[in-house]
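Good morning, and thank you for joining this group meeting. Please turn to the sequence and the structure, and keep both in view during the talk.

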Amino acid sequence: MRTRSSAKCSQTASFEQVSDEQKQLVISELGEAIQLEDNTFTRSLYHNLACDSVINNFLKKSRSYSLTKRRWKLPQNYAKLVDSDVYAPVRNIVSSIVRHFWPAAAAQRLRQVVDTHATAIQHSDAELSSHTSRPSIAIVAQGPSFQLPSIRPGSIPAKIGFSNIAACIEVQVDGEEIPVDEQLARAAINARQIFMQQPNRGFVRTLAIAGDHLRLFHLDRSGIQYTPPLNIHDDPHTFIRLILGLSSPNESDIGLDTSIQWRTENGRKASGTLTTTGVDGARAVYSLLDVEPFFSRSNILGRGTICWRVADPINGEELLVKDSWRSRDRISECLHLQEALGVPGVVQMSSCEQDRGQTHSLRAFGNQVPTNFTNRIHTRVVMKCYGDPVVIFTSAKQVLCALRDAIAGHKKLFKKGLLHRDVSAQNVVFGQPGAEEGDRGVLIDLDMSTRQGDSGFHPVTDWTIGTILYQSVMVLSSRAASVPLPHDHLDDLESFFYILAHIVHGHDSHGFLHKLASDMALWEHPESGSVAPLKESFLFKPFVPKAVSSRWPAAVLGVFHGFRKFIWSIVYEKVALLDEEPEDRVDMLKSWMLSAEDHYNHVLGIFDEGIAALEKEEAEKPVTPSSQPQEIPPARPAPMERSSLKRPSDDDPDALPPAKRTTPRITRNLRNPRSPTPHTRPRSA
C-alpha cells in the first residue's frame, strides 16, 4: 500500500474541473490518501448481494453486454456522440443492472440512475450559487434516510441534491486518463457533501470510470483510500457488484446508519426516531425532536461529531444523543462520563454504546494495515440536556454563577484524576432552569480529557487541542517549545479566565455584544502573529478600558481583576520554567500539583465574593420602573458555531499534517438543544 498527499491535486482537465476553493475545503483535511496496491478490496465487496451464477444469468440475457466479445457494449469511439449523449452508454449499463437486480426499487423509483453532468447540485455550505458539483452520474434515492433538497429563497425547487444521492459515478469517455489526484479531489468534494447532508452516513463510496477501467474511492472518518484501475470488461462480476452496493435498497449497504430513520412528507423529512441502548441497557427508541441534528461537523476525517435532540420514550424528558468516531488510542468518553456520574457541575450520562462499529472493518486491510491509517470507533452517548453556552446570558450574576459551578465541577473531576483540557465558552453551559448551586453551570464535552499518568503528571501541552481563543499561554507556546510543560489544572483555570475575559470585553452585563479591542480580537487570528505574547501582555495590564468597565457592575470587575492577578502570577512562573532543563522543572511542577486544592479554592473564593457582592447590590437596589427588566429584542450571538479556531481535526492532534490544518465547518441548528434562554419559558418535560 502506498500513500498520496491529497494536496497534490493537478490542474489538468477533469470530468468537471473543480475550483481551487472547493478543493481547499477537502484537501487540507484529508492528509495522505491510501493507495491500495491491488483490487483485493474491490473484489471482496458485496458478494452477499449477488452470487456468480446469478450474475452469469444476467450477462447472458443482458443487451448491455456481449458474451462473445466479453465486453460491455460501449462505443469504441465517442467522437461522433454529441455532448448530451456522451454519458448515456455508461448510464444505460448502470441503469440496466439496477433495474434487473433491484426491480421493485427501480419500479417504485426508490433507486434511479440519472445523468447529472449538466445538473448543478448545490452544496449545503454554499454562500454563492457557484458552489455546486456536477457528478457525471448520480444514483438518486428515496427512503427513510433521504429527502428532497432544501428550497433556497428565490430558487426553483430541485429534484436532485446530495440529500437524496446514494452514490456518485464520474465518467471520462475519451482522451488520456485524468490524474488520480484530480479524481481524489472530485470524490472527496462529493463525499463531503453527502456526509453533510445525510447525517447518518458512516461511509461513502464513489466510482471513477475512465474508458475501460474504474477506480473505487472509499471515504470514512479515517480518511480516504482508493484502488488501482480495474478493467470492467475483464471483471464484469466485480463491476456489477459495485453497482449493486452503491444502489442497494438496504441502506446499510450504502453506508447509512439505520438506527436513525425518518418519515417523510412531500419528499422532506417530517419526523424521525433514533434507536440505541437505554438507561437499563435494553433497546430504546427515542423520538427525534428535530429532524436535523442541532450540531454537526463537516470534516470527513476526524470524530465527525453529530448531536441529536431526542425525547425519552417513557417520561418525555429531553435528552442529547452524541455520535462520534474516536481514534483507537483515545479513551472512550463513556469512561470519563462514568467517572463523572453524580458530580455537580459536570455533564451527566444516561447510557452509552462504546463500540458501534470501526472504520478498520470497512477497509478490508487484512493483516497489512497501512502505517498512516488510524482506526476509529463509533461511540454513541445519551446525556442530560442543559442550557445555552455561557456566552448566551442576560445578567452578570448568571455568568459568575455558571463559571463558578463549572470550575467547581472541574475541581471534582481533577481530584478523580481527570483533566478536561478543552475548556471553552461552548463547553461551559448553563444548568437546567432553576438549578441549585453546584449545577448552575455545567462543564461538557469530555472527549479530550486525560488521566494522570504514572509520573504524577498529565500529557504535555498540545497546541492542536482546544480552541485558540481560550488556550493557555503554555498550550499556545507548545507549538514552538522543544520540551513543552505538562498540561495541568492551571492551564484549564487559565482557559476559564479567558472565557470571563472574552465575555467582559465583548458584551455588556445584559448579554449584548460589543466590539472587542483590537489586541484581544487578534487572539482569534493566529496568522497575525503569536497569540501567546498577546495574552501575556493582556494578563499584565492591571486595568480594563473605561468603555468596558462602564458596562459591568463593580463586583464583576473585582472578580475579573482577582482572577487575572492569580493567572498572571502562574503564567509568569511558567514562562520562566519553560527555559529550564526538563530535569530542573520537576520540583516546581510537583509543587503546583500538590497545591491544586488551594488554587481551586482561591479562584472559587474570588467568584463567591463577587456573587455575594452582586446579591447584596441587588438587594439594596431600589425597584423602579426604569430598573425593572425590559423585554428587548435580543441582539446576542446565536449558538450556531463554535469558535472558528476550534481544534482542526476535531479529535486527534496528529490527524492532519501540521502544515495542512484547517477549520472544519460546524453547524448548529437554530433551535438549541439545551434549556431555553432566560427570556423564554422552560419547556415541560
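What percentage of the 685 residues in the protein do buried residues make up? Buried residues make up 57% of them, where buried means under 20% relative accessible area, exposed means over 50%, and partly exposed lies in between, with a 1.4 Å probe and protein chains only.

Before the details, a word on the source. This is a predicted model, in which local features need pLDDT of at least 70 and side-chain atom pairs count only at pLDDT 80 or more, while totals for chains, interfaces and linings use all residues. Residues are numbered from 1 along each chain as its sequence is written, and side-chain values use heavy atoms, with hydrogens and water left out.

Let us begin with the overall picture. The protein has 19 helices and 26 strands; these are DSSP runs numbered from the N terminus, helices being H or I of at least four residues and strands E of at least two. A contact means heavy atoms within 4.5 Å. Among contacts between residues at least 6 apart in sequence, 72% join residues at least 24 apart.

The largest nonpolar core has 91 residues, and Val390, Phe496, Ile499 and Leu500 have the most contacts inside it. A nonpolar core is a set of buried Ala, Val, Leu, Ile, Met, Phe, Trp, Tyr and Cys residues joined through side-chain atoms within 4.5 Å. Apart from this core lies another, of 51 residues, among them Val113, Ala166, Ile254 and Phe365. Leaving aside residues up to four places away in sequence, Ile499 touches several residues, including Val390, Leu403, Val423 and Tyr470.

Next come the cavities. How many cavities of 30 Å³ or more does the structure hold? There are nine. On a 1 Å grid over the protein atoms alone, a cavity is a set of points where a 1.4 Å probe fits but cannot get out, and its lining residues have an atom within 4 Å of a point. Grid points are joined across faces, edges and corners, and a volume is the space filled by probe spheres set on the points. The second largest cavity has a volume of about 70 Å³. It is lined by 14 residues, of which Arg421, Ile465, Tyr470, Gln471 and Ser495 are the closest to its centre. Helix α13 (residues 489-506) gives the most to this lining, with three residues.

Let us also consider individual residues. Thr238 has its place in helix α7 (residues 236-247) and is buried, with a relative accessible area of 5%. Its side chain makes a polar contact with the side chain of Asp235 at 2.9 Å. Such a contact is a pair of N or O atoms within 3.5 Å; within protein, one must be able to donate a hydrogen and the other to accept it, and residues adjacent in sequence count only if both atoms are side-chain atoms.

Ser332 sits in the loop between β19 (318-327) and α9 (333-339), and counts as buried at 2% relative accessibility.

Finally, consider backbone angles. Most residues other than glycine have a negative phi. Arg70, however, has a positive phi near 55 degrees; Arg70 lies in the loop between β3 (65-66) and β4 (71-72) and is exposed, with a relative accessible area of 55%. Ala364 has a positive phi of about 55 degrees, and is partly exposed at 44% relative accessible area.

Methods: On a 1 Å grid over the protein atoms alone, a cavity is a set of points where a 1.4 Å probe fits but cannot get out, and a pocket is an open set with protein on both sides within 12 Å along at least five of seven lines; lining residues have an atom within 4 Å of a point.
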